[in-house]
Structure formats: structure tokens, C-alpha cells
Amino acid sequence: MISLEEFCATLSQLIVVVKEITDIEQRRIDAASRNEHQQIESFLNEEQAALLSLRGLEQKRMHQAADLGWKDFTFRQILYAADSEQKKILLPLFNELDEQVSLLKKVRASADRIIGLRIHELEEAIAMAGGVPNGTSSHFFKDRYI
């Protein structure tokens, strides 16, 4: 049987990974802002590894929640079902995770905007130079970097 402490440890690990992904996204924004396109791919590789970790932790969290009697519960439902002592422990973790996910969404949206802008600039430069290399479509760059 899983303990609440183990569940909380998994939540803490989720928070760390979400922060890591947010940091990677911020570095990607910075590189795109400086037109350092070669760095973007390495950030994407880092991000893929972090996302795999996130998926694994989320599956672990779901199994642990089920063991605690909270199968398929949302965080709000867990808080509703938890006793007062459990709520005191869980609420700060849920709040921090929610804040970190909200921050990640904002940073991710900014990263997507700036990278989209850089891709557009690159497509325009290629078009002005006489077309895309070797007859590839103009979507080559979008597919490659997004």
C-alpha cells in the first residue's frame, strides 16, 4: 500500500520537472531572440527527455492516487475526499504545481510566438533569395523546428 508521503514525494518530483521544462523553454526563447538557431535543437532534445520524465511521474502519480482510493480523481476531487490532515499536506503541493504549470503555459506560448516569428523571417529571407533549398516546401522549416 502506498503512503501519503510517497504520493507527496511524487508530486514534489512533478513540480521539479515542470520547473525544468519551464527553464528549458525560457532558454529556448533567449536563443531564438538572439537568432542562435543552432541551440534550439539541443533545447528540444533536453525538453523531450524532461517530457518523458514528466509522463513517467504522471503515471506513477495516477497509480499512487488509485492506491490511496483516489482513482481517476482530479486534484480538486482529491482535496474534497481527503481528511483535514491530508488536505493540509496536499494543498500547498497542489497549489505550487498549479502555479508552475500556469507559468510553463505562459512561457511556452511566448516560446512558440518567438520561434514562429523567427521561422517566418527565415522563410521570407529564403523567398527573397530565390526559393527554398532543393525544391523542399516552405513548411520544411516549420516541420523541422516545431
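## Basis of the description

The model is predicted, and local features need pLDDT of at least 70, side-chain atom pairs count only at pLDDT 80 or more, and totals for chains, interfaces and linings use all residues. Residues are numbered from 1 along each chain as its sequence is written, and side-chain values use heavy atoms, with hydrogens and water left out.

## Overall architecture

The protein chain contains five helices and zero strands, in the order α-α-α-α-α from the N terminus. Helices (H or I, at least four residues) and strands (E, at least two) are DSSP runs, numbered from the N terminus.

Of the 146 residues in the protein chain, 32% are buried; buried means under 20% relative accessible area, exposed over 50%, and partly exposed in between (1.4 Å probe, protein chains only). The accessible surface comes to about 9,200 Å², with 55% of it belonging to carbon and sulfur atoms. Accessible areas come from the Shrake-Rupley method with a 1.4 Å probe, and for residues only the protein chains shown count as cover. Contact means heavy atoms within 4.5 Å. Among contacts between residues at least 6 apart in sequence, 69% join residues at least 24 apart.

## Nonpolar core

The largest nonpolar core has 33 residues, and those with the most contacts inside it are F7, L11, W70, L90 and F94. At least two residues of this core are supplied by each of helix 1 (4-33), helix 2 (37-67), helix 3 (75-81) and helix 4 (84-128). Helix 1 gives the largest share, 13 residues. A nonpolar core is a set of buried Ala, Val, Leu, Ile, Met, Phe, Trp, Tyr and Cys residues joined through side-chain atoms within 4.5 Å. In soluble globular proteins, nonpolar side chains tend to be buried together.

With neighbours within four places in sequence left aside, L11 is in contact with R61, F75, L90, L93, F94 and L97.

## Aromatic pairing

Rings of Phe, Tyr and Trp (its six-membered ring) pair if their centres lie within 6.5 Å; planes under 30 degrees apart count as stacked, over 60 as edge-to-face and the rest as tilted. The count by this rule is two aromatic pairs. The pair F75 and F94 is stacked, because the ring centres are 4.3 Å apart and the planes lie at 20°. This pair links distant parts of the chain, with F75 in helix 3 and F94 in helix 4, 19 residues apart.

F75 is partly exposed, at 26% relative accessibility, whereas F94 is buried, at 5%.

## Largest pocket

The largest pocket has a volume of about 270 Å³. Its lining consists of T74, F75, R76, L79, L91, F94, N95, L97, D98, V101, S102 and K105. Helix 3 and helix 4 are the elements that give two or more residues to this lining, and helix 4 provides the largest share, eight residues.

On a 1 Å grid over the protein atoms alone, a pocket is an open set of points where a 1.4 Å probe fits, with protein on both sides within 12 Å along at least five of seven lines; lining residues have an atom within 4 Å of a point. Grid points are joined across faces, edges and corners, and a volume is the space filled by probe spheres set on the points.

## Two residues of helix 1

T10 lies in helix 1 and is buried, at 1% relative accessibility. Apart from neighbours within four places in sequence, T10 is in contact with L57, K60, R61 and Q64.

R27 is also placed in helix 1 but is partly exposed, with a relative accessible area of 27%. Not counting residues up to four places away in sequence, R27 touches F43 and E46. The C-alpha atoms of R27 and Q39, twelve residues apart along the chain, are separated by 9.2 Å.
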